[in-house]
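This report walks through one structure, taking up a helix, a loop residue, the pockets and the confidence of the model in turn.

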Amino acid sequence: MVPENHLMEARSGLTEPRNREAAGGAADMPKVIVHRLLMSIAVLFGAMTLVFIILHLLPGDPVNILIGGNPVSPEVVANLKHEFGLDQPLYKQYLDYLGSLLRGHLGYSLVNREPVADKLMAQFPATLELALFSMAIAIVFGLLLGVLAAVYQNRWLDHLIRLISLFGISMPTF
């Protein structure tokens with residue numbers, strides 16, 4: 001016969017692991033944080049490399065796009081390629097790209113020759129406002145609907161809230 005207390009623990013999932021080392025603990029937290037930071041660096045490096053490769057695989061030449069089909073002399077094309085570093089070997093372009101990104105220099109817009117970082121910073125306040133406002137709405141409605149779902153658990157209102165939540169999570173963000 002199994003004691004009642006043991007059954008309650010087994011049902012609730014509150015039993016302690018048999019192996020203390022498998023349980024982990026607060027002592028492992030610095031290792032986990034360092035591991036995640038290193039993995040983040042690897043992911044960022046991979047993403048930067050992938051963006052570089054995709055940009056170079058795209059059809060068309062940035063200089064020809066900038067010129068817009070207007071007739072210009074080969075000297076002008078050569079000067080523009082030199083200005084953008086497109087006359088360098090691919091590995092040199094890649095190292096310059098990584099170095100610029102690490103210094104926070106995102107390059108210049110091909111359309112109006114302004115720094116891309118300045119264009120991003122000009123739009124940052126509106127982006128921040130939109131993000132904070134949408135998070136506030138999500139928190140208010142999430143808490144309200146969560147409390148209602150808990151109060152009316154397994155009733156029609158709970159099922160409706162689950163359906164609405166599933167629909168909201170499944171919608172694409174664009």
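The end-to-end span of helix 7 can be set against expectation: its 36 residues, at 1.5 Å a residue, should span 52 Å, and the end C-alpha atoms lie 50 Å apart, which agrees. Helix 7, residues 116-151, also has the highest confidence in the protein chain, with a mean pLDDT of 94.

Glycine 104 belongs to the loop between helix 6 and helix 7. The C-alpha atom of glycine 104 is separated by 8.0 Å from that of alanine 117, a residue 13 positions away along the chain.

## Pockets

| Pocket | Volume | Lining by class |
|---|---|---|
| Largest pocket | about 1000 Å³ | 13 nonpolar, 8 polar, 4 charged |
| Second largest pocket | about 240 Å³ | 6 nonpolar, 3 polar, no charged |

The largest pocket has a volume of about 1000 Å³, and among the 25 residues that line this pocket, Leu55, His56, Phe84, Leu86 and Tyr97 are the closest to its centre. Several helices contribute to the lining of the largest pocket, with at least two residues each from helix 3 (29-57), helix 4 (62-67), helix 5 (74-84) and helix 6 (90-102). Helix 6 provides the largest share of that lining, 5 residues.

Which residues line the second largest pocket? They are Leu145, Ile164, Ser165, Phe167, Gly168, Ile169, Met171, Pro172 and Thr173. Helix 8, which covers residues 156-170, gives the most to the lining of the second largest pocket, with 5 residues, and no charged residue is found in that lining.

## Confidence

Across the protein chain the mean pLDDT is 84, and 86% of the residues reach 70 or more. Confidence is lowest in helix 2, residues 20-23, where the mean is 50. Where pLDDT is low, the predicted coordinates should not be read in detail.

Terms used:
Residues numbered from 1 in each chain as written. Predicted model: local features only at pLDDT ≥ 70, side-chain atom pairs only at ≥ 80, totals over all residues. Heavy atoms only, no water. 1 Å grid on protein atoms, 1.4 Å probe; cavity = no way out; pocket = protein on both sides within 12 Å on 5 of 7 lines; lining within 4 Å. Points joined across faces, edges and corners; volume = space filled by probe spheres on them. Helix = DSSP H or I, 4+ residues; strand = E, 2+ residues; numbered from the N terminus. Nonpolar A, V, L, I, M, F, W, Y, C, P; charged D, E, K, R; others polar. pLDDT = per-residue confidence, 0-100. Expected span 1.5 Å × (residues − 1).
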